[in-house]
Structures are given as C-alpha cells and as structure tokens.
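This briefing is for a reader who is new to the structure. Please look at the sequence and the model before reading on.

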Amino acid sequence: PANKLIVLGSVNADHVVQVNAFPRPGETITGHGYQVLPGGKGANQAVAAARFGADIGFIACLGSDDFGTRMEQAFREDGMDTRAVMAVPDMPTGIAFIQIAANGENSIVISAEANACLTPAMLEPHLNYLRQAQTLLMQLESPMETVELAAFEARKAGVAVILNPAPARPLSDALLAALTMITPNETEAEMLTGIKVTDAASACTAAHKLRDKGVQSVLITLGAQGAYYSGPEGERLIPGFRVQATDTTAAGDTFNGAFAAALQEGLDVDAAIRMAHAAAAISVTRLGAQTSIPYRAEIDTFLQSKS
Ligand code: RIB
Ligand code: NA
C-alpha cells in the first residue's frame with residue numbers, strides 16, 4: 001500500500017484522576033473523576049492520523065485482556081489496518097497513571113507491560129509490510145532495539161521515518177542518521193542536544209545540532225509559542241492557537257499524528273503544521289487522550305473560524 005502511513009508504538013490504558021494540584025512526596029491528596037481511557041503515545045498518534053483521514057497501519061503489542069480487545073476493535077472503527085496489532089498471551093495491556101491538575105497540566109507514570117513485548121523478533125514478520133509504506137511514525141514507548149530496527153529497515157526501503165522522541169531517551173547516532181524528521185518538544189530537544197530550548201533562537205541552535213547528526217529535518221514544538229521548523233524547506237517558527245486548556249494529555253500526540261497525516265496527504269510543511277496545531281488545540285479543550293482527538297471535519301471547521 002504505497003500511500004500507507006505506518007505507526008509503530010504503544011497502547012496504554014490511561015488511569016486518569018483529576019486533582020487540584022499534584023501531591024508532594026509523602027503527601028496523600030484527594031482527587032476525583034477516576035476513569036480508564038484509551039491512551040499510549042503510539043495509539044494516540046495512530047488515532048490522530050486516522051481521524052485526520054490518512055490510511056493507517058498500526059504495529060503494536062497489547063495485552064490479552066478486555067481493555068486490549070476493546071482497543072483493537074476501536075482502532076478498526078477508526079479505520080486502521082490492525083493486521084500488525086498483536087495480542088500478547090498472559091500480559092496486561094500497557095498502563096499509564098495520569099493526574100490532571102486544575103490548570104490542565106498532567107503528570108504521568110507508565111508501566112510498559114505488553115508494550116515491552118514489541119521486540120525485534122515480534123516486528124520481524126511485519127518488516128515486509130513496513131517496507132511498502134510511504135512513511136513510518138514512531139515514539140519512544142517501545143523497546144529501543146525495535147525502534148532502531150524499524151528505522152533502519154524503513155530507511156533502506158526508501159520509507160520516510162518520523163520520530164517523536166517522547167518520552168525523552170538518549171538516541172544513538174545511527175538512529176539519528178536514519179531519521180527523515182525528528183519532532184521533540186522543548187525538554188526532549190534539550191535532552192538530545194544539551195541546549196536549553198525556550199524560544200525560536202534556541203530552537204534553531206538545537207535543530208542545527210540535530211541536523212548535523214544527519215536528521216534531515218527537525219520540528220521542535222514550543223508549547224504556546226508554536227513549532228520551529230528547520231530543514232530542506234527553510235527555517236521558521238509557525239505559531240499555534242491559544243485555547244483554554246482542560247487536559248493537555250496527548251496534545252503532542254495529536255500534533256504528531258495530524259502532522260504526519262497532513263504531510264502524507266501532500267500538504268506542504270507550513271500547511272501541515274497549521275493543521276497539526278489546530279488538531280492539538282482542539283484536543284486540549286477535552287478530557288483524555290484518544291477521547292479528545294478530533295476528526296478532520298472538526299479541524300477544518302476550527303481553521304475556518306480562525307481565518
Ligand atoms: O502522550 C500521552 C500519553 O502518554 C498517554 O495517553 C499515556 O498513555 C502516556 O503514554
Ligand atoms: Na486532551
């Protein structure tokens with residue numbers, strides 16, 4: 001499938017509790033509104049891209065539990081190709097414990113569970129499928145050896161490789177050199193380059209450090225300031241949209257999924273970033289990860305209201 005965007009990554013059951021403010025070490029506080037919601041950076045990005053309208057294949061491991069079964073069904077309902085979504089026997093689906101503060105900020109602890117089973121050996125049977133894609137999009141909630149194998153094989157086959165390096169982990173030079181694009185946020189960019197990223201100027205310096213390692217283009221998200229692009233199409237800051245935040249969980253995932261899908265559709269970098277900013281802005285006004293990810297029509301309506 002030549003126009004397929006393949007997402008490789010995690011699936012998590014997000015155990016969400018709302019709090020006024022985060023507890024300090026040793027403190028017990030009362031939260032409210034406990035819910036178990038679909039999440040995981042891989043699944044969130046795949047859902048965002050599918051709802052944008054891209055032809056999505058998802059490579060993931062989930063548990064052989066009720067949550068995993070329901071997630072696989074939900075992915076199909078979002079129109080994804082789930083042939084490479086694998087249910088691992090006797091393993092629970094990945095877990096995230098999420099606290100959402102009154103200002104919309106979150107604090108997350110993850111436990112990989114079935115996501116840790118997405119080993120190179122588990123990926124192996126799907127490598128031919130992967131080689132036929134146009135683009136591969138990954139994050140870092142999967143084993144690093146698997147992320148590397150997928151990137152190297154994709155690169156060899158001429159598949160564009162986009163890495164959203166979240167959560168932040170050190171990356172090998174070989175992996176960086178295999179990437180078409182990397183999309184860190186400020187803290188991830190700092191961790192990868194040692195440069196404190198706070199604005200367009202520092203983002204530019206960090207981006208060039210990553211490009212010197214062989215990454216073709218760099219897109220650094222800067223929260224409310226927007227996103228800084230540095231690559232073959234030039235250098236610029238593309239501002240985002242200001243909205244009242246309810247829950248920022250998966251805003252970055254929504255941005256990445258919509259961005260990759262928009263590029264896949266043939267939009268230029270500026271138009272794709274604008275679409276991605278709109279999708280992320282909508283997502284932060286709603287609770288939860290996948291429950292907050294908009295469909296294409298909502299993104300188009302949002303952008304019309306801004307023009
Ligand atoms: O990026 C947000 C996601 O991070 C949540 O859905 C949670 O599962 C963690 O993976
Ligand atoms: Na949200």
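Predicted model: local features only at pLDDT ≥ 70, side-chain atom pairs only at ≥ 80, totals over all residues.

Residues are numbered from 1 along each chain as its sequence is written, and chains are lettered from A and ligands numbered from 1 in the order in which they are written.

- Strand β8 spans residues 135-138; strands are DSSP runs of E with at least two residues, and helices are runs of H or I with at least four, numbered from the N terminus.
- Thr135 and Leu137 on one side of β8, and Leu136 and Met138 on the other, are all buried (20 or more other C-beta atoms within 10 Å of the residue's own, with C-beta atoms placed from the backbone).
- In a regular strand, side chains alternate between the two faces of the sheet.
- β8 runs parallel to strand β1 (residues 5-8), joined by four bridges; strands pair if DSSP finds at least two bridges between them.
- β8 also pairs in the parallel sense with strand β9 (residues 160-163), over four bridges.
- Leu137 stands opposite Val7 and opposite Ile162 in β9.

**Helices α1 and α9**

- The axes of helix α1 (residues 41-52) and helix α9 (residues 251-264) come within 7 Å and cross at roughly 45 degrees; axes are lines fitted to C-alpha atoms over the stretch in contact, and angles run from 0 to 180 degrees between N-to-C directions.
- Residues making the contact include Phe52 of α1 and Gly257 of α9 (C-beta atoms, placed from the backbone, within 7 Å).

Definitions and conventions
Buried ≥ 20, exposed ≤ 12 C-beta atoms within 10 Å, placed from the backbone. Contact = placed C-beta atoms within 7 Å.
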